[in-house]
Amino acid sequence: METNPPSFPKSRVWALPISPTTPSKTHKSKSTPLLLLFFLLINLTPTASLLNQIPNLDHLYSDHCNDVVPNSETHPKWFLTTLSVQDIGFHSSYFTGGDRFFNHTSGDDSKALIFRPNFVARTLKDGIFHVRGSMDLQSLLGDSTRRNLKLVNFRGPRIPVRRGVVRFRLDGYYSESDKKLCMIGKSRSMYNAGNFEPSVVLKLNYPKWSSIYDSLISGSLESVVSDKDDGENYFDAIMVLAFSVKHSYGYTFVGEDRMSSFPSSVESGESIGLSNLNDSNGGLCRLLGNRLERFELVYGSECGGGVNCNPLGGDVGYVPSSLVFYGTRCTEGRKMQMLLGFSNSSGDEYLRFLFVPGTTLIAEGEWDEKGNRLCAVACRILNFTGSLTGALVGDCSTKLSLRFPVKLSLQNRSALVGQIWSDKKVSDPGYFSKIGFQGLSGWLVKLLGFNYEFSVTGNLRKTCVQKRAGKGKGKKYPEEYSSDMKFDMRVSNSRGQVAWGYSSPLFVDDDRIYGRLFWDKPQETEVPSRQKKSHSNPMNISYKLSFTRGAQFFHDVFPSKAELAAEGIYDRDYGNLCMIGCRHVSSMEQNSINKDMLDCSVKIDVHFPPLDTKDGQNVKGIIESMRNKSDPLYFEHIEFSSTSIYHNQAAASITRIDFEIVMVLISNTLICAFVGWQLYFVKKNPDVLPFTSLVMLTVLTLGYVIPLLFTYEAMLAPNQSKQSTFLGIGGWLQVNEVMVRLILLVTFILHLLLFQLTLSSRQGVNSHESLMDSERKVLYATLTLYITGALITCSVHQWMNTHQNSYWPFHRNLRRVTNIWHLVHPQRSLWDDLKSYAGFILDGFLLPQILFNLFVNSGERALSCAFYFGTTMIRLLPHAYDLYRARAYTRLLAFSYIYANPKTDFFSTAWNIIISCCCLLFAAIIFLQQRFGGRCILPKIFRHSTVYEYEKVPVISNEEL
């Protein structure tokens, strides 16, 4: 019997499960009519259906899915469904195969799959639901950095770079009784994937029960064609294994009987209990629920001496260095299900949990009120090597316990500590010894209200007081609690090797700084304590310094972990920060890590520049060992300087950028108006058109057409510039960029029209041949000057590249602030200097007209005052503004200059004065020439010439014709 094709509703909806239960009669919701109207509008609104997007959907489903889940027509009350998108969707998953989609072979630890159902509808058959959604196949590249530059620093989160993403649009049916889903879809390549876009069939098997043993979803993604029928659209089956996040769940390893199996002395030390938290915090769910945290694994000294300490066994080929914790489910504020992943990387490159069967454990546990700890049991994923369809959860012999210490200190910077161990016998396969893990989480520090115990600041006060000599007194430095105290830094050693790092304060006295965002309000208990503190006395402060292990010298200074824990005192009256630091000096061999091997004989001196600095000063510091050179733990000193700016500097720069955007728009609009006024002027006085220099009009026309030609793509698809990325205002800058180019286009057209009118006015009249001869002389003279200037510019550029430490009069010497300059503003190329020289030529646009008046000895008023004087002022204003900007704003953000951009002209104190004086001089000469004759500026002996005698010939305008 042939099954009728399914009937699809006319609309798409992001459906949530709606319980079909009858509401109480005693309570009537005022929003019920609005909800009914909302669903009615959604149901009647015509939208594009996936039926039209997937070719031959009905036929393909009948051939490939009807025997798995039979289709059915949509129920009239399709929105009354008991199936939730959460029950069938997943994001923690793994797949094998799919190399043809990405044109490369992916590693096992770089694959991810996300299934997002976005429509669930009830059908006429009980237990059958119509489902639509999308699935993303992603090939990730770990250990890669993509920086999201923020407002005042260059540090950003390290997240995985997507090598390729393939998205499938899917449509099919789900059987609630069989727990199966079958869907037909069409692929679409995105994000560096290939152009392979076949039709597919997705088949998934969901667990029938809800427990830790029934937590896996398995299935396949296959081609709808065979290799023999259509080899071009065929691909090998992709096997899928995912973690189920079904709403209903039954815990297996929780309860009093399970809790008693955990030894009472697993951890030592005082811990924070959930009873110390406010009820509004949600207990354990607030702390770790739906959180992704990375912790450092700490191996005991017995590891490597014949005792197995690898929780993954010896088959993986490495000993993991970090534990990734992901809380997937939390109930009652104390029960939790979680995923545990082991990694060989100490970085925080994961944006989400990478579900790899060989390195992932599924765990569940409960908070122990007596011991103030979380006790959990973890199970492994088995039987996944041959085929993912046979994978199952078992071997629940791994146990985990974690707690939150009460205090933090220089030697203990962990907001969470714990242990993981095997419950097997030593002789059993898969046994491993106890492994500690610890980590500093800003989220936990923010919620738990840790106290910090300072220990070594007493001896530092005497040292830092000696530095309070009059230097810096009277200036304003960053406050202890401000975000200016954290900064990115450029690190270098005596051999010139360079790396990068980041430093952030943790505590100022008893007040927490670490983990606080700039919009967080201080707690009520913090405000009185801050008001009582005197700024005349240095204050206790603790820091965390992290470094990028990119340079070779870091392996000598930080053999185990590129991080420093430091504490000391900060004197805000002088901007001095003195600290003592501790570094890990354990062996590089991962199987012999010892958590107690700390070297706390490290001295750190930091000096902050004043808040109102304008000369490019930045934070500078030095890290040095206090040990003797003969000591094996001695290391050479390391210098660092900040690559960040203060908040007030960033705020002032954003205000400046807004002002410069307005200035650019106003300037270009006025230039357009001045050219329009000149066209109106020559229309009223057509007889003066022949006495306008064509060379001058050519310089002006090229001055506006060249920026259009080289940045034409900005009108259609403008790219984000460095300043838009750095300051986070890319959208506004892009709109401004398009508007500027549109105005420049209009200005170019008006200049071109003026050029055409002037050229036409000189044709057909014999007496005007002498004007063309004078124009040729102007062309030869100006070309000689322009070419000579270009050669001088090239020579100076070459000389500057040879003598890096010499002074270059074309630009300010910003290279002394190398940390910011070389990072965000690369060395100027020859093309950049030639563009600046072109702007210099445009500043002297009146020079050809002056020479033309000299050769012709014309006293005609060829240029209107508004045109030549107004354009001169527009060219002069950027130089006057640059003089003001140099004194009012920091030079560190020179790369973000929009108005008076160094790439468009020569800007420096000397050049600004010279160019401004020359522009005013040229305008004054034009005024005198048009009033007293073209040679009025020459001595009397040169004012008369017998070369040319001109006779004015009336020009007939278009109106007279």
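# Chatting through the helices and cores

Q: How much of the contact count with a separation of 6 or more comes from residues 24 or more positions apart?
A: In this predicted model, residues 24 or more positions apart account for 70% of the contacts in the protein with a separation of 6 or more.

Q: OK, and how many helices and strands are there?
A: The protein has 22 helices and 27 strands.

Q: What share of the residues is buried?
A: Buried residues are 51% of the 961 in the protein.

Q: Let's go inside, then. Which residues of the largest nonpolar core touch the most other members?
A: That core has 60 residues, and the ones touching the most other members are M696, L700, L846, L863, F867, Y868 and I926.

Q: Which helices each supply at least two residues of it?
A: Helix 12 (647-684), helix 13 (694-710), helix 16 (730-761), helix 17 (769-802), helix 19 (830-843), helix 20 (847-856), helix 21 (865-888) and helix 22 (909-932).

Q: Where does the largest share come from?
A: From helix 12, which gives 11 residues to this core.

Q: Back to I926. What does I926 touch?
A: Leaving out residues up to four places away in sequence, I926 touches L846, Q849, I850, N853, L863 and Y868. L846, L863 and Y868 are also on the list of core residues that touch the most other members.

Q: What about the other core, how many residues does that have?
A: It lies apart from the one we've been discussing and has 47 residues, among them L284, F507, Y514 and A565.

Q: Switching to packing: at what angle do the axes of helix 17 and helix 20 cross?
A: Roughly 135 degrees, and the axes come within 9 Å. That angle makes helix 17 oblique to helix 20.

Q: Is that crossing left-handed or right-handed?
A: Helix 17 and helix 20 make a right-handed crossing.

Q: Which residues make the contact?
A: On helix 17, L771, S774, E775, K777, V778, A781, T782, L785 and Y786. Helix 20 brings L847, P848, L851, F852, F855 and V856. By class, the contact of helix 17 with helix 20 has 11 nonpolar, 2 polar and 2 charged residues.

Q: How many residues of helix 20 are buried?
A: Helix 20 is mostly covered, with 9 of its 10 residues buried. The buried ones are L847, P848, Q849, I850, L851, F852, N853, L854 and V856.

Q: What follows helix 20?
A: N857 does, and its phi is positive, near 55 degrees.

Q: Now helix 21 and helix 22. At what angle do they pack?
A: About 165 degrees, with their axes 9 Å apart. Helix 21 and helix 22 are therefore roughly antiparallel to each other, and helix 21 passes helix 22 in a left-handed crossing.

Q: And who makes that contact?
A: Helix 21 uses Y868, F869, T872, M873, L876, H879, D882 and L883. Helix 22 answers with T909, N912, I915, S916, C919, L920, A923, I926, F927 and Q930. Sorted by class, the contact of helix 21 with helix 22 has 11 nonpolar, 6 polar and 1 charged residues.

Q: What does H64 touch?
A: Not counting residues up to four places away in sequence, H64 touches C182, I184, V201, K203 and V224. H64 and I184 are 120 residues apart along the chain, yet their C-alpha atoms are separated by 8.3 Å.

Notes
Residues numbered from 1 in each chain as written. Predicted model: local features only at pLDDT ≥ 70, side-chain atom pairs only at ≥ 80, totals over all residues. Heavy atoms only, no water. Core = buried A, V, L, I, M, F, W, Y, C linked by side-chain atoms within 4.5 Å. Buried < 20%, exposed > 50% of the residue type's maximum accessible area, 1.4 Å probe, protein only. Helix = DSSP H or I, 4+ residues; strand = E, 2+ residues; numbered from the N terminus. Contact = heavy atoms within 4.5 Å. Axes fitted to C-alpha atoms, helices over the stretch in contact; angles between N-to-C directions. Parallel < 35°, antiparallel > 145°, perpendicular 65-115°, else oblique. Left-handed = near helix turned anticlockwise from the far one by under 90°. Nonpolar A, V, L, I, M, F, W, Y, C, P; charged D, E, K, R; others polar.
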